[in-house]
Amino acid sequence: MPTRFFTATGKFYRGNLHTHSTRSDGVLDPQEVCRRYHAEGYDFVVLTDHFVGRYDYPITDTSNYRNDGFTTVLGAELHAGTMRNGLIWHLLAVGLPADFDPPDVPDFKSIDGTESGVDIARRARDAGAFVAIAHPHWSRMTEADALSITAAHAVEIYNHGCAIDNDRGESLMVLDHLLSQDRHMNLIATDDAHFSTPDHFGGWVMVKAVENTPEALLAALKAGEYFSSEGPQIHDIRIVDDGIQVDCSSCVTIIVQGNGTGTATLHGMSMTTGHLSRDSLTDSKWLRVTVVDRAGKRAWSNPVWNDG
Ligand SMILES: [Zn+2]
Ligand SMILES: [Zn+2]
């Protein structure tokens, strides 16, 4: 088992990986979206407009809205092929090159014989992107659908827009099914903000990187050097001889989850550190940590693996 969750040097940068603008079906223009995220205290944002013909296959150029304290990474929400329920795939691609070739998807409906979701995810990853399976609950995908996206780095386990607008924002179960089948996969929390409802500033990632640049952030995302949050901070997680040590912002619950039904859980009033036993988790190849604050807001680590 690795001894630490965060091994990189650097500091944590707050960012939202999933946002829309007027380049697709969002309400605000790209500059205003960037301004609002910066004003809210974010260090970076990724505009992920819908990459379909209806919007002229946008990879929204946000490079003009970067400044000393704020940056952007180019990206898009890709659509292609169909899931087992017949609906088109939604896949996030962060760090997509501006000249990424469009699929043949005029609108949110796939055409028989054109590129599949599996294939466009692979093509995006090969082009250098960090790829995530978007909002599994909202999409109502099956476990087999999720397993098929072999190029994905992560599952979007919290989508704030879906949580606010239709109570289908949570997909931790899909992630745990993949982990339990030895699929090495990380997790992300995002906004999926369109700014048409209170769908923003609710889910984000804290990426540990040496500097707040698109290149450093993208490398750290691919390396899993981040945690996801809707409020709390995770400062550090260390595997020690007899357990796990978690340092975090003030919280009431700290949980370590693994492959089986057993978990290690600490309850308190305003804990900023916790030592948890691994006794009920010794058979698990992977461990991940959840922290819950007094308001019920959570932060989630990525899993660490012990499989050589
Ligand atoms: Zn979507
Ligand atoms: Zn979206």
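These legends walk through several close-up views of a predicted model. Residues are numbered from 1 along each chain as its sequence is written, while chains are lettered from A and ligands numbered from 1 in the order in which they are written. In this predicted model, local features need pLDDT of at least 70, side-chain atom pairs count only at pLDDT 80 or more, and totals for chains, interfaces and linings use all residues; side-chain values use heavy atoms, with hydrogens and water left out.

**View 1. The zinc ion (ligand 2) and its four donor atoms.** Here H18 (NE2), H20 (NE2), E77 (OE) and D192 (OD) coordinate the zinc ion (ligand 2) at 2.1 to 2.2 Å. Donors are N, O and S atoms within 2.8 Å of the metal (3.2 Å for Na, K and Ca), and water is not among the atoms, so sites may look incomplete. The arrangement is irregular because the four donor atoms subtend angles of 81 to 168°. For comparison, four donors count as tetrahedral if all angles lie between 85 and 135 degrees; four count as square planar and six as octahedral if opposite donors are over 155 degrees apart and all others between 65 and 115; anything else is irregular. Along the chain, the donors follow the spacing H-x1-H-x56-E-x114-D. E77 sits in strand β4 (residues 71–78) and D192 in the loop between β8 (186–190) and β9 (204–209), so this pair ties together parts that are 115 residues apart in sequence. Helices (H or I, at least four residues) and strands (E, at least two) are DSSP runs, numbered from the N terminus.

**View 2. The zinc ion (ligand 1) and the bridging residue E77.** The zinc ion (ligand 1) is held by E77 (OE), H90 (ND1) and H135 (NE2), at 2.0 to 2.2 Å. E77 bridges this ion and the zinc ion (ligand 2), and the two ions lie 3.6 Å apart. H135 belongs to the loop between β6 (130–133) and α3 (136–139) and E77 to strand β4, so the pair connects parts that are 58 residues apart in sequence. Both E77 and H135 are buried. Buried means under 20% relative accessible area, exposed over 50%, and partly exposed in between (1.4 Å probe, protein chains only).

**View 3. The surroundings of Q257.** Q257 is part of strand β12 (residues 243–257). With 13% relative accessibility, Q257 counts as buried. Its side chain makes a polar contact with the side chain of T290 (2.9 Å). A polar contact is a pair of N or O atoms within 3.5 Å; within protein, one must be able to donate a hydrogen and the other to accept it, and residues adjacent in sequence count only if both atoms are side-chain atoms. Leaving out residues up to four places away in sequence, Q257 touches several others, including L281, W286 and V289. Contact means heavy atoms within 4.5 Å.

**View 4. A salt bridge between E170 and R298.** The closest N and O atoms of this pair are 2.8 Å apart. A salt bridge is a side-chain nitrogen of Lys or Arg within 4 Å of a carboxyl oxygen of Asp or Glu. E170, at 36% relative accessibility, is partly exposed, whereas R298, at 18%, is buried.

View 5. E32, R35 and R36 are linked in a network of salt bridges.
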